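Welcome! Please take a moment to look over the structure below, and then we can walk through it together.

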Amino acid sequence: MENKKCNASAPIAIRPLYMQIASKGRRGNSMDLATRLTELSKKTQQHREVLLTEQAAKTALVMPFINLLGYDVFNPSEVVPEFNADVGTKKGEKVDYAICIDGKPCILIECKPSTGELTINHASQLFRYFSVTDARLAILTNGVIYKFFSDIDQPNKMDAQPFFTLSLDAIRKSDVRILESFTRTGFDIDAIVREASNLKLESLVRKELESEMATASEEFARLIAKRVYSGQVTSQVKDNFTRLIANSFAAIVRDHVNDRLTSALNATAVPEPDNGPATSPEEVITTEEEVSGFRIVQAIVSKLVDPKRVFMRDAKSYCAVLLDDNNRKSLARLHFNGITTKYVGTFVGQTETRNQINDLTDIYKLSAQLEARINEIEGSKSK
């Protein structure tokens, strides 16, 4: 098979918005990857809604991402836009970018508009090009979500499922460690493929566990029943164990939550309800449920910031959770005053989105939004 070389004469599209971002990234080589990723996340949240076309997403979001990995987007021998690798009778089809090392394509990138959802149907060109180039890595992205593919299942054939997905809306600590392998200075294809196999299996295992936690399959329910129940596992027994398994998983989560809350409480004092004399029927009263909700939010964001920086400020209509006790740094609002319905408000900028919850543990389902809010607030400090 003929090796496709990178085309040094391919043009590069440059826009003023990207020029500002890219130049900052090039000056910031001494900055660590995590800091630059947080800055890009902030810019993504600022601009994504106005970037309605594929070209806009490529210029304002994808090119800065390539740049922060250490690749020179101004060097057409290293980052090739509109990479051409004719496949059989199909001529003139192009993939949006090819990242090249030593003259050979190592990573293929296909881009879609930032407002669109990514599906495997968007990766048809990546599938075709993957088998006719030296690249063993491919990325499908809309500038916000990045799905990383390799050939784990079958050599020289791109997998149908990504081994790693990065969301700039909710960056995790583990994302930074994984991305380091893709940087220009740390690129090691053999190490990446080995790690990719483990990441893919971990992702599949997690998906199965989450499915079992939500609703135990018949096989899993019968397996657990046979281990702890001495009688015959009838359909009724199996249905009962399906319910017990879901309750047990929830209890395990609550126990782990309580452990983290205890740690957070040791780090910072929780505001106590006002026990002074009542002055009016509308006096603000902090309930135990609001305190518990505050502790859960505090525990979630403690992965990213010192829990001592997280405060609760109660009001008549909602209970605010603030970073640095600053009402301009709202992390969440606990709308727990309703008789039957409760909401947790999450923020992007000054916009609040109310998320209905049925149980306090549902707040953990909002971890991505809360972590993204921390990244948004902390990222603004570097401006």
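## Getting oriented

Helices (H or I, at least four residues) and strands (E, at least two) are DSSP runs, numbered from the N terminus. By that count, the protein chain has ten helices and eleven strands. Of its 383 residues, 44% count as buried, where buried means under 20% relative accessible area, exposed over 50%, and partly exposed in between (1.4 Å probe, protein chains only).

This is a predicted model, in which local features need pLDDT of at least 70, side-chain atom pairs count only at pLDDT 80 or more, and totals for chains, interfaces and linings use all residues. Residues are numbered from 1 along each chain as its sequence is written, and side-chain values use heavy atoms, with hydrogens and water left out.

## The five-stranded sheet

Now find the open sheet of five strands, in the order E7-E8-E9-E10-E11, with antiparallel pairing. Two strands pair if DSSP finds at least two bridges between them. E7 and strand E11 (351–357) are the edge strands, each pairing on one side only. From one strand to the next, the twist averages 20 degrees. Helix H9 (residues 288–301) packs on the sheet and touches E7, E8, E9 and E10, its direction making about 155 degrees with that of E7. Contact here means heavy atoms within 4.5 Å; axes are lines fitted to C-alpha atoms, for helices over the stretch in contact, and angles run from 0 to 180 degrees between N-to-C directions.

Phe311 stands opposite Leu322 in E8.

## The largest pocket

A pocket is found on a 1 Å grid over the protein atoms alone: it is an open set of points where a 1.4 Å probe fits, with protein on both sides within 12 Å along at least five of seven lines, and lining residues have an atom within 4 Å of a point. The largest pocket holds about 1800 Å³ of space, a volume being the space filled by probe spheres set on the points. Of its 47 lining residues, the closest to the centre are Arg172, Ser203, Arg206, Lys207 and Glu210. H6 gives the most to this lining, with ten residues.
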